[in-house]
Amino acid sequence: MSYPTFITLRRLPARYGAVATPLVLSLLMTFVVSAIATARSLGFTPAFASTWMSAWGLSWLVAFPTLLLILPVVRRIVGLIVKPAQG
């Protein structure tokens, strides 16, 4: 993937991938799921944004360490049910 040349981002070494993947996954998933759950419970009221951010923070605090623990197990399970790529 090619990025514009005016944007210079320092990239993490590959060894951090095992932590970066669950970090980004947990941030994005809890963001979406907590928004849906908050909207379903409260509707789009004036309290929605503050309640959502509180719910998001709490859910992320649970989701990130959970992903760190279960992602290796999930990878093994997926490896058992998905045929390896040939090439």
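This is a predicted model: local features need pLDDT of at least 70, side-chain atom pairs count only at pLDDT 80 or more; totals for chains, interfaces and linings use all residues.
Residues are numbered from 1 along each chain as its sequence is written, and side-chain values use heavy atoms, with hydrogens and water left out.

The chain holds two helices and zero strands. Both types of element are DSSP runs, numbered from the N terminus (helices: H or I, at least four residues; strands: E, at least two). Helix α1 covers residues 17-42. Helix α2 covers residues 48-81. The C-alpha trace spans about 55 × 40 × 20 Å along its principal axes. The radius of gyration is 18 Å, whereas a compact globule of 87 residues would have a value near 12 Å. This radius is taken over C-alpha atoms, and the globule rule is 2.2 Å times the number of residues to the power 0.38.

Accessible areas come from the Shrake-Rupley method with a 1.4 Å probe; for residues, only the protein chains shown count as cover. Of the 87 residues, 15% count as buried. Buried means under 20% relative accessible area, exposed means over 50%, and partly exposed lies in between (1.4 Å probe, protein chains only). Among contacts between residues at least 6 apart in sequence, 63% join residues at least 24 apart. A contact means heavy atoms within 4.5 Å.

Five aromatic pairs were counted. Rings of Phe, Tyr and Trp (its six-membered ring) pair if their centres lie within 6.5 Å; planes under 30 degrees apart count as stacked, over 60 as edge-to-face and the rest as tilted. Phenylalanine 31 and tryptophan 56 form an edge-to-face pair, at 4.7 Å centre to centre and 70 degrees between the planes. Phenylalanine 31 lies in helix α1 and tryptophan 56 in helix α2, so this pair ties together parts that are 25 residues apart in sequence. Phenylalanine 31 is partly exposed at 32% relative accessibility. Tryptophan 56 is also partly exposed, at 22%. Tryptophan 60 and phenylalanine 64 form a stacked pair, with 5.4 Å centre to centre and 10 degrees between the planes. These two residues are four apart in helix α2, so about one helical turn separates them. Tryptophan 60 is partly exposed, at 21%, whereas phenylalanine 64 is buried, at 15%. Ring pairs also link Phe31, Phe44, Phe48, Trp52 and Trp56 into a cluster.

Threonine 38 sits in helix α1. Its relative accessibility is 5%, so threonine 38 counts as buried. Beyond its neighbours within four places in sequence, threonine 38 contacts Gly43, Phe48, Thr51, Trp52 and Ala55.

Tyrosine 16 lies in the segment before α1. Tyrosine 16 is partly exposed, with a relative accessible area of 38%. Its C-alpha atom is separated by 27 Å from that of serine 34, 18 residues away along the chain.

A nonpolar surface patch is formed by Leu69, Ile70, Val73, Val74, Ile77, Val78, Leu80, Ile81 and Val82, with about 870 Å² of accessible area together. Patches are made of residues with over 30% relative accessible area and no salt bridge; like charges are joined within 9 Å, nonpolar side chains (Val, Leu, Ile, Met, Phe, Trp, Tyr) within 5 Å. A salt bridge is a side-chain nitrogen of Lys or Arg within 4 Å of a carboxyl oxygen of Asp or Glu. Isoleucine 77 is found in helix α2 and is partly exposed, at 46% relative accessible area.
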